[in-house]
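Welcome! Please take a look at the sequence and the model below before reading on.

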Amino acid sequence: MGLLPEAPDETRRIILKSAVGLAALGLGAGAALTSAHATADAKAWPQDAFKQKSEADALKALYGKSAEPSDKVNLDAPEIAENGAVVPIAIASTLPNVTGIAILVLENPNTLAAAYKIPEGTEASVASRLKMAKTSKVVAVVESGGKLYTATKEVKVTVGGCGG
Amino acid sequence: MASTIRVRAIASGDSTQVQSLISHPMDSGFVKDSKGQLIPPHHIEVVEFEHAGKIVFTCLWGPAVSKDPYVKFTFKGGKKGDDLKVSWVDNKGQSDSLVAKIQ
């Protein structure tokens, strides 16, 4: 080994590196091609429901019915959210045959924040993070056996700066 | 480019817990930039999670979902080594998808 000069070894390394790089590029291109055929279906998005300004209208647009409160819907949200841009919200339910979960923030410009479809075999439990414009009631909606049940909690949003 | 999707799916017992983070601005359309111009809405609309040819979870998201959205859910079935496919599409028609292995 000592007899060989340094240079060829380095060239070999560079050649190896570029070969690996090319292979990775090829794989990336392949992945991009296959993913183009099987992406999420944009038509599934309920555009109307996301434009509604009130709880009743949003629920009507999304599920076509109204809801009743239930203690079997568990809404886990902070009492006070220091940062309205990231409010952790978790919803779970012990109701049977849950097919959907939705989250409404009543004081946001558009009431409906997110909706989830729960197929059979998936637990009625979801955690995610939402934006809140200001202090507002948050409503968790669970669709179970064709009916809607809700739980409501007020989340205070403290705006940073100016002693807000 | 690295994938916009990070997903961790862990099988335990007869169910699989999935946690996912997607890198996305989720612009609401109500925020102004430094020049006072409204930043137009740009947010993910639909996210689908697919296991063994079946969609196990669908997210329908409005602009009120936080930047770089996070979601956690659990589904029955799934075992170590299985594929879990995640795909999203946003209101500008951009999309991404990823196949992750259940751990």
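## Before you start

This is a predicted model, in which local features need pLDDT of at least 70, side-chain atom pairs count only at pLDDT 80 or more, and totals for chains, interfaces and linings use all residues. Residues are numbered from 1 along each chain as its sequence is written, while chains are lettered from A and ligands numbered from 1 in the order in which they are written.

## Chain A at a glance

Chain A holds 2 helices and 9 strands. Here helices (H or I, at least four residues) and strands (E, at least two) are DSSP runs, numbered from the N terminus. Read from the N terminus, the order of elements is α-α-β-β-β-β-β-β-β-β-β.

Of the 164 residues in chain A, 34% count as buried. A residue is called buried if 20 or more other C-beta atoms lie within 10 Å of its own, exposed if 12 or fewer, and partly exposed in between, with C-beta atoms placed from the backbone. Two residues are in contact if their C-beta atoms, again placed from the backbone, lie within 7 Å. Among the contacts in chain A with a separation of 6 or more, 63% are between residues 24 or more positions apart.

## A sheet built from both chains

Follow the strands and you will find an open sheet of 6 strands, in the order 2(A)-4(A)-7(A)-5(B)-2(B)-1(B), with antiparallel pairing. The edges are taken by strand 2 (73-76) of chain A and strand 1 (5-12) of chain B; each has a single partner strand, so one side of each is left without a neighbour in the sheet. From one strand to the next, the twist averages 15°. Angles run from 0 to 180 degrees between N-to-C directions, and axes are lines fitted to C-alpha atoms, for helices over the stretch in contact.

Two strands pair if DSSP finds at least two bridges between them. Strand 2 and strand 4 (residues 87-93) of chain A are antiparallel and joined by 4 bridges, with V73(A) having S93(A) as its bridge partner in strand 4. Strand 4 then pairs with strand 7 of chain A over 6 bridges, also in the antiparallel sense, and A92(A) stands opposite S125(A) there. In strand 4 of chain A, 5 of the 7 residues are buried, so this strand is largely enclosed by the rest of the structure. The step from one chain to the other is made by 2 bridges between strand 7 of chain A and strand 5 of chain B, which run antiparallel; S128(A) has V71(B) as its bridge partner.

## Where the chains meet

How many residues of each chain are in contact with the other? The contact involves 31 residues of chain B and 33 residues of chain A. On the chain B side, strand 3 (44-51), strand 4 (54-61), strand 5 (70-76), strand 6 (83-90) and strand 7 (95-101) each supply at least two residues. The residues on that side divide into 18 nonpolar, 9 polar and 4 charged. In this count, Ala, Val, Leu, Ile, Met, Phe, Trp, Tyr, Cys and Pro are nonpolar, Asp, Glu, Lys and Arg are charged, and the others, Gly among them, are polar.

## The nonpolar core

A nonpolar core is a set of buried Ala, Val, Leu, Ile, Met, Phe, Trp, Tyr and Cys residues joined through C-beta atoms within 7 Å. The largest one has 67 residues, and those with the most contacts inside it are I103(A), A114(A), L130(A) and V141(A). Its largest share, 6 residues, comes from strand 5 (residues 98-105) of chain A. Leaving aside residues up to four places away in sequence, A114(A) touches residues of chain A including I103(A) and L130(A), and residues of chain B including C59(B) and W61(B).

A127(A) lies in strand 7 (residues 125-130) of chain A and counts as partly exposed because it has 15 C-beta neighbours inside 10 Å. Not counting residues up to four places away in sequence, A127(A) touches P88(A), A90(A) and K72(B).

Most residues other than glycine have a negative phi. M26(B), in the loop between strand 2 (15-22) and strand 3 of chain B, has a positive phi near 50°; M26(B) is buried, with 22 other C-beta atoms within 10 Å. The phi of A52(B) is also positive and near 50°. A52(B) is in the loop between strand 3 and strand 4 of chain B and is exposed, with 11 other C-beta atoms within 10 Å.
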